[in-house]
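Hello,

Here is the structure I promised to pass on. My notes follow below it.

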Amino acid sequence: MKKTICLTLIVLAIVSCLTACNFTANSLKDQAESTPKVEKMLTALTSGNASDAKALLHPHANTDSGNSINQMIKYLNGRKVSSIELTGVNFSSSIGTSGQMKQEQATYKVSLNNTETIYITAVHLTNNAGNGFISFQLVLGVV
């Protein structure tokens, strides 16, 4: 009898964990507010439009970002994005003497039209100075 109860509890615990993980994976898609901005940034980079890409940066972003943007444009070389999938998101926000701050860090799996897969890590900041990306990175290799 004890073995049956223990086995039943173990099965219920496993099913509960799997259900919770599945819920998280399904609801993750709607959680990143910066996803449309990431799509705009990728469109600007794949079309070679550095000025549109720079316009999506936060005012406090590194002023030397032009070289980095040009490197990403050169790497993408006009290839188009065929799919983008949110793989993780992390939010932080605060209110203090310097005002409100909201930061979102998200990672995406991106498939290009030549069947290559890259990953994006983007950090989007909204504060009193404005809003935009303070970091936007193409990640190549094993993730």
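**The largest pocket**

Twelve residues, counted as 12, line the largest pocket, and Ser65, Ser68, Ile134, Ser135 and Phe136 lie nearest its centre. A pocket here is an open set of points on a 1 Å grid over the protein atoms alone, where a 1.4 Å probe fits, with protein on both sides within 12 Å along at least five of seven lines; lining residues have an atom within 4 Å of a point.

Before you read on: this is a predicted model, in which local features need pLDDT of at least 70, side-chain atom pairs count only at pLDDT 80 or more, and totals for chains, interfaces and linings use all residues. Residues are numbered from 1 along each chain as its sequence is written, and side-chain values use heavy atoms, with hydrogens and water left out.

The volume of the largest pocket is about 180 Å³ (the space filled by probe spheres set on the points, which are joined across faces, edges and corners). Helix 4 (65–76) and strand 4 (130–139) each supply at least two lining residues. Strand 4 gives the largest share, 5 residues. Helices (H or I, at least four residues) and strands (E, at least two) are DSSP runs, numbered from the N terminus. By class, the lining has 7 nonpolar, 5 polar and no charged residues. Nonpolar covers Ala, Val, Leu, Ile, Met, Phe, Trp, Tyr, Cys and Pro; charged covers Asp, Glu, Lys and Arg; the others, Gly among them, are polar.

**Salt bridges**

How many salt bridges does a search of the whole structure find? The count is 2 (a side-chain nitrogen of Lys or Arg within 4 Å of a carboxyl oxygen of Asp or Glu).

Lys102 pairs with Glu33 at 2.6 Å, N to O. They sit 69 residues apart: Lys102 in strand 2 (residues 99–112), Glu33 in the loop between helix 1 (2–27) and helix 2 (35–46).

Glu116 pairs with Arg79 at 2.4 Å, N to O. Here the separation is 37 residues, with Glu116 in the loop between strand 2 and strand 3 (117–127) and Arg79 in the loop between helix 4 and strand 1 (81–96). Arg79 is buried, at 15% relative accessible area; Glu116 is partly exposed, at 24%. Buried means under 20%, exposed over 50%, partly exposed in between (1.4 Å probe, protein chains only).

**Around Ile120**

Leaving aside neighbours within four places in sequence, Ile120 is in contact (heavy atoms within 4.5 Å) with residues including Val38, Leu42, Tyr108 and Phe136. Phe136 also lies among the residues nearest the pocket centre.

Best wishes
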